[in-house]
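Subject: Structure for your review

Dear colleague,

Please find below the structure that I am handing over to you.

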Amino acid sequence: MDRRVLAVIAVAAVVIIVIVAIMVMQTPPGGNGNEQLGGNMVDIRDFSFDPGTLTVANGTTVTWTNLDSFDHTVTFDNGPFISSELMSRGEMFNVTFDRSGTYNYHCSIHPSMTGTIVVE
Ligand SMILES: [Cu+2]
């Protein structure tokens, strides 16, 4: 009886260790995914795109969020991807990048606001 209990405890311990190991491996180094390679979020704030250049894997959906009190757009300089409508504060815009390349974009209201998505 005691040995069966010990066996159950041992199996449970192994399962927990495996789960923790998987969680640790899936956590990107550095924590906050916003500003590092591999993130997929661009904040729009203070009349700029942050990060200004975002590198993503092919197939990634990138989300822009307007944190400014002013309207902005995400408008591609050229290329196959659709541009956003006017984005008010708090609005989000998604684009799924399904082909490799470097895509420059800007805000159609404030052309000095520019950003780049690099799709690997
Ligand atoms: Cu703007």
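The model is a predicted one. Its chain contains 1 helix and 8 strands, and along the sequence these elements follow the pattern α-β-β-β-β-β-β-β-β. Of the 120 residues in the chain, 17% are buried. Among contacts with a separation of 6 or more, 46% are between residues 24 or more positions apart.

Regarding the sheet, 4 strands form an open arrangement in the order β2-β1-β4-β6, and the pairing is mixed. Its edge strands are β2 (48-50) and β6 (92-96), each of which pairs on one side only. From one strand to the next, the twist averages 20°. Within this sheet, strand β1 (residues 41-45) and strand β4 (residues 61-66) run parallel and are joined by 4 bridges. Methionine 41 stands opposite threonine 63, a residue of β4. In general, the strands of a sheet pair through backbone hydrogen bonds, in either a parallel or an antiparallel manner.

Regarding the loop residue, asparagine 78 is located in the loop between β5 (75-76) and β6. Asparagine 78 counts as exposed because it has 8 C-beta neighbours inside 10 Å, and the cut-off for an exposed residue is 12 or fewer. Asparagine 78 and tyrosine 105 are separated by 27 residues in sequence, while their C-alpha atoms are 8.0 Å apart in space.

Yours sincerely

How values were computed:
Residues are numbered from 1 along each chain as its sequence is written. This is a predicted model: local features need pLDDT of at least 70, side-chain atom pairs count only at pLDDT 80 or more; totals for chains, interfaces and linings use all residues. Two strands pair if DSSP finds at least two bridges between them. Helices (H or I, at least four residues) and strands (E, at least two) are DSSP runs, numbered from the N terminus. Axes are lines fitted to C-alpha atoms, for helices over the stretch in contact, and angles run from 0 to 180 degrees between N-to-C directions. A residue is buried if 20 or more other C-beta atoms lie within 10 Å of its own, exposed if 12 or fewer, and partly exposed in between; C-beta atoms are placed from the backbone. Two residues are in contact if their C-beta atoms, placed from the backbone, lie within 7 Å.
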